[in-house]
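Reader: Hi! I am new to protein structures, and I would like to learn how to read one. Could you take me through it step by step?

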Amino acid sequence: MSEAPVLATQGLTIRFGGHVAVNNVSAEFRPGTLTAIVGPNGAGKTTYFNLISGQLPASAGKVLLYGEDVTALGAAQRAKRGVGRAFQLTNLFPNLSVLENVRLAVQSRAGLGLNLLSLWSDHVETTEKAEHFLHRVTLAERRFETASALSHGDKRKLEVAILLALEPDIFMFDEPTAGMSVDEVPVVLDLIQHIKAQGDKTVLLVEHKMDVVRSLADRIIVLHNGFLVADGDPAEVMASPIVQEAYLGMGVAESV
Amino acid sequence: MSEALLTLTGVHTHIGQYHILQGVDLTVRRGELTVLLGRNGAGKTTTLRTIMGLWKASRGGLVFDGQDITRASTPDIATAGIAYVPENMGIFSDLTVRENLLLAARAGEPDAQRLEWIFGFFPALKKFWNQAAGTLSGGQKQMLAIARAIVEPRKLLLVDEPTKGLAPAIIQSLITAFRELKGMETTILLVEQNFGFVRSLGDSVAVMDDGRIVHKGRMAELAEDRDLQQSLLGLSLDAHQ
Amino acid sequence: MLHRLLSGDFPRSLWLSGALALLVLVLALAPFLFTGARAMNVAATICVFIVLVASYDLLLGYTGIVSFAHTMFYGIGAYGVGLALYSIGPTWGAMALGLGIALLLSLALALVIGLFSLRVKAIFYAMITLAVASAFAILASQLSDFTGGEDGRTFSVPEMLRPGFRLIEAEVFGTAINGKLITYYLLFFGALAIFLFLLRVVNSPFGRVLQAIRENDFRAEALGYRTVVYRTLANCLAAATATLAGALMALWLRYAGPQTTLSFTIMMDILLIVVIGGMGTLYGAMIGSALFILAQNYLQALMKQASDALTAVPVLANLLHPDRWLLWLGVFFVLSVYFFPTGIVGKLRALKR
Amino acid sequence: MTPIATPTDAELPKLKLDWAPLLVLPALALAALPLIGSAPTWVTLTIAGLAMGMMIFIMASGLTLVFGLMDVLNFGHGAFVTVGAFTATLVLLPMQGWMQADSVLMNLTALSLAVALAMGVTGLLGWAFERVIIMPVYGQHLKQILITMGGMIVAEQMIHVVWGPDQIPLPLPASFRGAIIFGDAAIEKYRLIAVAVGLIVFVAMFLVLNRTKVGLLIRAGVENGEMVEALGYRIRRLFVGVFIAGSALAGLGGVLWGLYKEMLTAAMGSEIMVLVFIVIIIGGLGSVGGCFIGALLVALVANYAGFLVPKIALASNILLMVAILLWRPQGLYPVAKR
């Protein structure tokens with residue numbers, strides 16, 4: 001844990017009207033680690049993600065990437081700097097083919113977007129790369145279908161493939177297995193495990209399922225009502241009375 | 001066993017090109033709390049939405065209180081006596097707590113005595129009475145959503161995963177609320193993934209998978225039978241132990 | 001060769017390919033096939049409209065931007081060339097200068113409007129462009145000392161483009177090789193080149209990003225594409241192309257005025273052609289323009305006959321009066337948005353399957 | 001691990017009223033005074049601006065509310081303005097005698113009848129428009145823009161078919177003509193009436209939205225229509241009702257505007273739509289309060305600019321829009337969630 005943090009938030013805050021959805025959250029994230037962000041519904045987890053990846057502008061505080069202040073930058077510029085984001089609700093290009101969905105990510109990574117005089121179909125290397133990533137999420141056979149025709153589980157996988165194709169330094173997964181069938185879940189969990197094992201990537205994971213969190217995370221951050229209420233090693237966090245009180249539901253079991 | 005209040009017979013529901021419900025048979029008995037369990041994507045929310053008329057059944061029939069509601073519109077179903085608390089709670093965040101409840105009281109102002117009874121287990125609502133609902137916390141919104149469904153007596157209450165991600169203290173108030181409602185002979189159909197929350201509350205239980213009901217029975221039996229729990233609920237139980 | 005020329009984007013329908021080939025052939029040989037001035041006018045207008053509509057399709061069909069300012073850019077092109085030739089004199093230099101200034105003005109306006117209002121949703125942009133375009137049209141007729149006001153400006157073109165000019169004395173297949181013919185081929189080859197350029201743009205990596213933005217701009221942004229940049233660029237491209245179309249039209253008419261270039265009726269025509277032809281296909285612009293311009297020129301005459309025949313029934317006569325052309329256009333437009341959302345090209349492509 | 005303070009159920013912060021846009025209005029009026037130089041001229045222009053602003057507000061309010069409720073922007077809204085004005089002639093021209101009689105009562109009777117008919121017809125037309133043109137394209141912005149534009153063209157052409165291609169003069173009723181002399185400033189009576197009508201509409205709309213159950217339902221429906229249905233209300237009926245009311249208001253605006261100009265043309269609706277769009281953009285799409293302020297701003301600027309630099313009167317409104325959007329990119333009163 002001696003490496004410098006890739007990503008840090010300092011006093012990050014956002015208000016919607018009078019409601020403070022994320023309140024003064026400071027945390028640092030280092031390469032080779034997987035941090036799970038947990039908390040009750042409405043705790044601000046997804047909003048915190050949106051603040052980091054730039055979908056929402058912060059009301060106060062900073063987001064630092066490699067020590068550089070990126071708070072004023074938009075989502076696209078942060079994506080260019082290595083922040084990759086998968087969404088909780090599937091968020092695809094519905095009328096484009098599965099392959100084109102992934103190729104758009106590959107192309108963004110390769111910086112080809114503004115090339116307006118070459119033929120899209122001439123960029124063979126982007127196609128090959130996209131097919132490779134589709135293969136990894138077991139979607140290669142469906143590459144010519146339109147994205148909207150995929151089943152829910154396959155859409156989730158495509159979402160993951162797009163994230164992989166961006167080849168980011170920071171992977172942000174927002175409930176990647178939500179709504180997936182039992183046999184599809186391991187494919188995605190293995191992928192996340194694999195990313196973490198590469199050692200130079202930073203993974204952030206919002207997840208409800210505690211078994212998933214327990215099997216993957218090196219560290220847990222607990223958000224509650226927009227505040228960061230706990231941050232540390234999984235065993236310690238799980239054992240902490242504040243966290244049990246706030247989230248893990250131990251109190252309920254006793255009272256029932 | 002009491003008589004049936006709501007009966008679903010072979011209900012199929014399509015959403016776009018997806019065939020979500022594939023022949024659901026379900027009976028909700030008067031005065032009982034029926035729990036609908038199942039993993040994500042099994043079709044629980046779709047079942048509730050189909051009952052509410054928000055999505056139309058493509059085949060099969062729904063009978064509520066002796067009335068065929070298969071083709072009825074959502075407002076008609078609501079007027080017939082079904083209240084709905086959706087998964088996202090459906091709070092009107094620009095309106096105050098009071099205005100949210102006012103909309104649910106179709107006759108005019110909400111009954112004061114009933115309000116006091118609701119404040120008894122959801123005190124936060126009284127505290128933030130004239131506050132925009134959007135400024136409430138997630139738990140307080142859930143309280144408001146349930147309060148809105150019970151501010152007038154309804155024949156049947158549909159509640160979709162009320163505990164999802166809530167803090168224990170709030171879950172505790174929900175348990176109190178549901179106990180109170182059971183005491184008043186309210187019929188409830190509750191969708192849940194949190195087995196711990198419903199095991200002591202439920203009378204009947206139905207388990208869904210892949211758009212069908214795969215198990216029906218008494219909650220007491222399921223609560224005792226660990227093997228049955230394991231075989232039926234597998235992953236979702238592990239996730240919430 | 002054809003693959004590279006068409007950027008790999010073939011018509012993908014036998015009927016469509018046939019119709020397009022026929023259209024290109026007829027347009028290419030028009031001076032030798034038709035003799036009347038009217039027929040030549042129709043052919044020239046089709047050429048210009050193909051460019052104008054195709055550039056609008058880049059916005060509407062590919063990027064999902066609704067703009068009502070397209071005629072403004074078209075007008076800038078026409079006035080740019082026209083006013084330069086009018087005030088400096090009929091030289092190639094004046095023409096180039098006028099075109100250059102027009103392009104710069106169009107690009108500047110497109111950039112400003114784009115950066116300003118493309119951040120938000122389609123409706124917002126539609127309203128702003130409508131407001132700006134009508135302000136521009138009013139401005140153009142108010143500044144009558146400069147623009148000629150409502151009357152517009154009639155001007156002379158460089159000698160080579162004048163009807164009196166003869167390239168060769170002999171006639172070819174009974175057609176004089178004069179300045180008018182040269183102007184026509186300037187229009188035809190200009191239009192062809194611009195169309196092929198647009199076809200390349202929509203099939204480039206950039207074009208795919210535009211489609212992605214149309215589908216889901218939020219997601220495109222999260223992939224690292226700055227949607228404002230892409231939309232603005234598309235906007236500028238479309239504006240520049242429309243400016244060129246305006247310049248070509250002015251050369252053909254040797255006139256620039258508010259009715260022929262800035263009027264809202266032309267904006268409606270463009271919208272209608274894009275929808276009827278098929279949004280997001282570019283070929284729709286070709287088929288749509290051809291059909292529309294033909295109908296406009298020959299159906300209106302038919303309407304007049306019908307209206308004259310029905311003077312006994314005033315309401316019917318009114319309905320069929322040639323001035324009510326726009327009424328039927330509007331009805332047709334609404335119906336085609338409902339019933340032919342994919343347009344002629346979409347229908348023809350579906351036929352194949 | 002780092003334990004951090006647990007949050008509490010602290011008092012939630014209250015939302016504050018946003019005053020800044022309200023101050024722009026007097027600021028603008030005061031800034032114009034030295035430019036114009038003469039106080040009486042300034043008074044006349046300001047009153048004219050307020051009157052015009054009120055009329056634009058009446059026309060724009062329905063449009064912005066329908067957008068807020070249904071996420072539908074009707075580019076054909078201007079047709080209701082024109083139809084309203086032309087319909088009024090069906091009463092006003094035959095009743096010219098009453099209109100020109102020297103009796104406030106007779107004038108008002110004729111006018112009320114005309115307004116009632118105009119609002120009735122445009123309301124009905126709105127209902128038909130919603131059914132035929134808009135209902136099939138809910139939620140599809142692109143098609144909405146195209147199709148409502150088409151509807152606008154058809155309506156405008158139908159005016160020609162029914163009323164012929166010529167302009168129709170529409171004189172003011174006798175008792176509304178002339179001006180009140182106030183010091184050195186002449187204030188036209190009709191402008192004062194327009195201001196009064198506009199204020200009444202604004203206050204009524206505010207009260208309906210905030211003090212009645214229907215208003216509550218409208219505000220709730222803006223946010224989550226499905227839930228309103230699940231509570232047992234027919235949201236479609238509510239939406240159609242709002243659409244009809246908005247169309248009828250446009251009709252009312254059309255009558256007022258027609259009398260103001262004393263001349264009707266089939267294109268008057270589409271011409272005024274440009275101002276209406278600028279107004280609702282400035283106000284913040286969907287915001288009735290913003291629409292009110294925006295309308296007054298636009299009209300004041302139009303009148304001041306029309307006096308100071310007549311050639312660029314309309315362009316001045318574009319500049320105003322640019323300035324406001326640079327200050328508040330979502331308009332003066334942005335509506336949440338959009």
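This is a predicted model: local features need pLDDT of at least 70, side-chain atom pairs count only at pLDDT 80 or more; totals for chains, interfaces and linings use all residues.

Reader: Let's begin with a whole chain. How many helices and strands does chain B have?

Author: Chain B contains ten helices and ten strands. Its radius of gyration is 17 Å, close to the 18 Å that the globule rule gives for 241 residues, so chain B is as compact as a globular protein of that length. Its C-alpha atoms fill a box of roughly 45 × 40 × 35 Å along the principal axes.

Reader: And what share of the residues of chain B is buried?

Author: A residue counts as buried when its relative accessible area is under 20%. In chain B, 61% of the 241 residues count as buried.

Reader: What does the surface of chain B consist of, and how are its charges placed?

Author: Chain B exposes about 9000 Å², and carbon and sulfur atoms supply 48% of that area.

Reader: Now chain C, please. How many helices and strands are there in it?

Author: Chain C has 17 helices and four strands. A compact globule of 353 residues would have a radius of gyration near 20 Å, and the 21 Å of chain C agrees with this. Of the residues of chain C, 58% count as buried. Its accessible surface comes to about 13800 Å², with 70% belonging to carbon and sulfur atoms. Chain C carries 22 positive and 14 negative side chains, and the centres of these two sets lie 11 Å apart.

Reader: How do I read a single helix? Which span should helix H3 of chain D have?

Author: Count 1.5 Å a residue: the 16 residues of H3(D), residues 77–92, should span 22 Å, and the end C-alpha atoms are 23 Å apart, which agrees. Then check its cover: 15 of the 16 residues are buried, so H3(D) is largely enclosed by the rest of the structure.

Reader: Which residues of helix H1 of chain D are buried?

Author: In H1(D), they are D:Pro21, D:Leu25, D:Ala29, D:Ala32 and D:Ile36. These buried residues pack against helices H2 (39–70), H12 (288–308) and H13 (313–327) of chain D. Just after H1(D), D:Gly37 takes a positive phi of about 90°.

Reader: What do the buried residues of helix H3 of chain B pack against?

Author: Seven of the eight residues of H3(B), residues 97–104, are buried, including B:Val97 and B:Leu101. The buried residues pack against helices H4 (112–121), H5 (123–127) and H6 (138–150) of chain B, together with helix H8 (213–223) of chain D.

Reader: You mentioned phi. Which phi does A:Thr138 have?

Author: A:Thr138 has a positive phi of about 55° although it is not a glycine. It sits in the loop between helices H4 (124–136) and H5 (152–165) of chain A, and is partly exposed, with a relative accessible area of 48%.

Reader: And where is D:Glu262 found?

Author: D:Glu262 is in the loop between helix H10 (235–261) and strand E4 (263–264) of chain D. D:Glu262 has a positive phi of about 55°, although it is not a glycine, and at 33% relative accessibility it counts as partly exposed.

Methods
Residues are numbered from 1 along each chain as its sequence is written. Chains are lettered from A and ligands numbered from 1 in the order in which they are written. Side-chain values use heavy atoms; hydrogens and water are left out. Helices (H or I, at least four residues) and strands (E, at least two) are DSSP runs, numbered from the N terminus. The expected span of a helix is 1.5 Å times one less than its number of residues. Buried means under 20% relative accessible area, exposed over 50%, partly exposed in between (1.4 Å probe, protein chains only). The radius of gyration is taken over C-alpha atoms; the globule rule is 2.2 Å times the number of residues to the power 0.38. Accessible areas come from the Shrake-Rupley method with a 1.4 Å probe; for residues, only the protein chains shown count as cover. Lys and Arg count as positive and Asp and Glu as negative; His and the chain ends are not counted. The place of a charge is taken as NZ of Lys, CZ of Arg, CG of Asp or CD of Glu. Contact means heavy atoms within 4.5 Å.
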